[in-house]
Amino acid sequence: MPSTLNLLPFQICLLGSFEIKKISALSETSTVALAYDKGRALLTYLACHPGVEQNRGKLAELLWPDFSRDAALTNLRMVLHDLRAKLNPDPHAAPCLFIDRSSIQFNPVYANRVDVHLFSSAFPLNPHNAEKNLTTDHVQLEKLVAAYRGNFMESFSVQGCDAFEEWLQVKRETFLRRTLSALERLANKYQAIAQFDKALEYAHRFCELEPWNEDGHRRVMRLYSANGQPSTALSHFDSCVRMLKSELGVTPSPQTQLLAEQIRLGLSSEVAQETKAFRTFERKQVTTVYCEILATDHEEPEDRLASLLEPRRICLAIFQRYSGYVIQKHGSGLLAYFGFPLAHEQAAKLAVGAALEIAQLELPDCQFKLGIHTGMIIVGDDESIPDSIGATSELAIRLRLIAEPGEIII
């Protein structure tokens, strides 16, 4: 095995659009182009599990599920040949991939060359000790949010590979939730030391990533008010009102409207009371529902988004009527929590009732797939991120992937 001291100069970017950057001795960068989409899929999967041996047969089945075993393995060999040629041009450098007859492994010495590595180090996956595992190093959190260029493997898809698509969806949701949690912590930290410009920078980024989350907009309003800018806080409220009306056809919640009224009246003490510092981590049992809206495909993204607006508005209203706490997502998905922020002994029943009503909706050219799961969540610094670790909500997302249109999987 070549020495691991001689490493290949590249970076793999998985957040936002997939990209492999090769760095020259003069610090100039160029892009490495892979020949196959399934090569990108394979490298992504391996890079997210550094140091873990992956069985060749299972990888072939993951990416070529409809092929015979021999044909799938043949295709895997072709993809591996391209990866090895593009990633390992220097035979004297440590290989990026360890490949043998039965397994493939991403060399762990290259883990820090993959942008998602920051998320693994900041959020170790142990939900039983979340309050100890989540990093308190704000420098690391700042690096993490800077690395989040967009959704994990933005717009990437491999048709016919349902298991891989499921894995992609869970990863996308996980990295988004972790970025939002980091932004929350950073905004709170800089607010606590009265560095409002920095706090607002992270609070605004939160709103950009989750524009329909009113908790995020209230945070921005409170920060402007605390910084002596009440008129700017109210301008942000007006923008929030317009966005909710145009995008979802709803008005702001009573809580958001009350905060705006307090700012208008100059009730600084009430606004300050809303502005809480770090809370301790708290365990809650909730029922989560993930609803995917299947609307008619459109060639133009604008047309597809327009076709989702009315079904999404209807689903949102149903969830809220059943006391669901909804995290509005971009595109075709809604994630709702029942039994949060206030515990409710009928949370599971309410979740199923809402899901049944949505599944039975008869809308033109529109169907729904839903997943439901009850479990423990770890509530972090802000109620806008109910499941700071993501394990419970991830399972609801995975369950909906195996549902047929019009079905609910519990």
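Strand S2, residues 19–23, runs antiparallel to S3 and is joined to S3 by three bridges. Strands here are DSSP runs of E of at least two residues, helices are runs of H or I of at least four residues, and both are numbered from the N terminus. Two strands are taken as paired if DSSP finds at least two bridges between them. Within this pair, lysine 22 has serine 30 of S3 as its bridge partner.

Let me state the basis of these values. This is a predicted model, in which local features need pLDDT of at least 70 and side-chain atom pairs count only at pLDDT 80 or more, whereas totals for chains, interfaces and linings use all residues. Residues are numbered from 1 along each chain as its sequence is written, and side-chain values use heavy atoms, with hydrogens and water left out.

S2 and S3 belong to an open sheet of three strands, ordered S1-S2-S3, with antiparallel pairing. S1 (10–13) and S3 (29–31) are the edge strands; each has a single partner strand, so one side of each is left without a neighbour in the sheet. From one strand to the next, the twist averages 25 degrees. Angles run from 0 to 180 degrees between N-to-C directions, and axes are lines fitted to C-alpha atoms, for helices over the stretch in contact.

I turn to the other sheet. Three strands form an open, antiparallel sheet in the order S4-S6-S5. Here S4 (54–55) and S5 (97–99) stand at the edges with a single partner strand each, so one side of each has no neighbour in the sheet. S5 is joined to S6, residues 103–106, by three bridges, and the two run antiparallel. Isoleucine 99 stands opposite isoleucine 104 in S6.

Which helix packs on this sheet, touching S4, S5 and S6? That is helix H1, residues 37–47, whose direction makes about 70 degrees with that of S6. Contact means heavy atoms within 4.5 Å. Helix H3, residues 69–87, lies across S5 and S6, and runs at about 140 degrees to S5.

The two helices also pack on one another: the axes of H1 and H3 are 9 Å apart, at an angle of about 75 degrees. H1 and H3 are therefore roughly perpendicular, where angles under 35 degrees count as roughly parallel, over 145 as roughly antiparallel, 65 to 115 as roughly perpendicular and the rest as oblique. On the H1 side, the residues that meet H3 are Lys38, Gly39, Leu42 and Leu43; on the H3 side they are Leu76, Val79, Leu80, Leu83 and Leu87.

How many of the eleven residues of H1 are buried? Ten are, so H1 is largely enclosed by the rest of the structure. Buried means under 20% relative accessible area, exposed over 50%, and partly exposed in between, with a 1.4 Å probe and protein chains only. Among the buried residues of H1 are Lys38, Arg40 and Tyr45.

Next, the charged pairs. The count is twelve salt bridges, a salt bridge being a side-chain nitrogen of Lys or Arg within 4 Å of a carboxyl oxygen of Asp or Glu. In H3, lysine 86 and aspartate 82 lie four residues apart, about one turn of the helix. They form a salt bridge whose closest N and O atoms are 3.0 Å apart. Lysine 86 is partly exposed at 33% relative accessibility, whereas aspartate 82 is buried at 11%.

Helix H7, residues 162–192, holds arginine 177 and glutamate 173, again four residues apart. Their salt bridge has its closest N and O atoms 2.9 Å apart, and both residues are buried. Glu173, Arg177 and Glu210 are linked in a network of salt bridges.

Arginine 219 forms a salt bridge with glutamate 184, with the closest N and O atoms 2.0 Å apart. Arginine 219 lies in helix H9 (residues 214–226) and glutamate 184 in H7, so the pair ties together parts that are 35 residues apart in sequence. Arginine 219 is buried at 3%, and glutamate 184 is buried at 2%.

Finally, the cysteines. How many disulfides are counted, taking a pair of cysteine sulfur atoms within 2.5 Å? The count is zero. The closest cysteine sulfur to that of cysteine 315 is in cysteine 291, at 4.3 Å, too far for a bond. Cysteine 315 is buried at 0% relative accessibility, and cysteine 161 is buried at 1%.

How values were computed: A disulfide is a pair of cysteine sulfur atoms within 2.5 Å.
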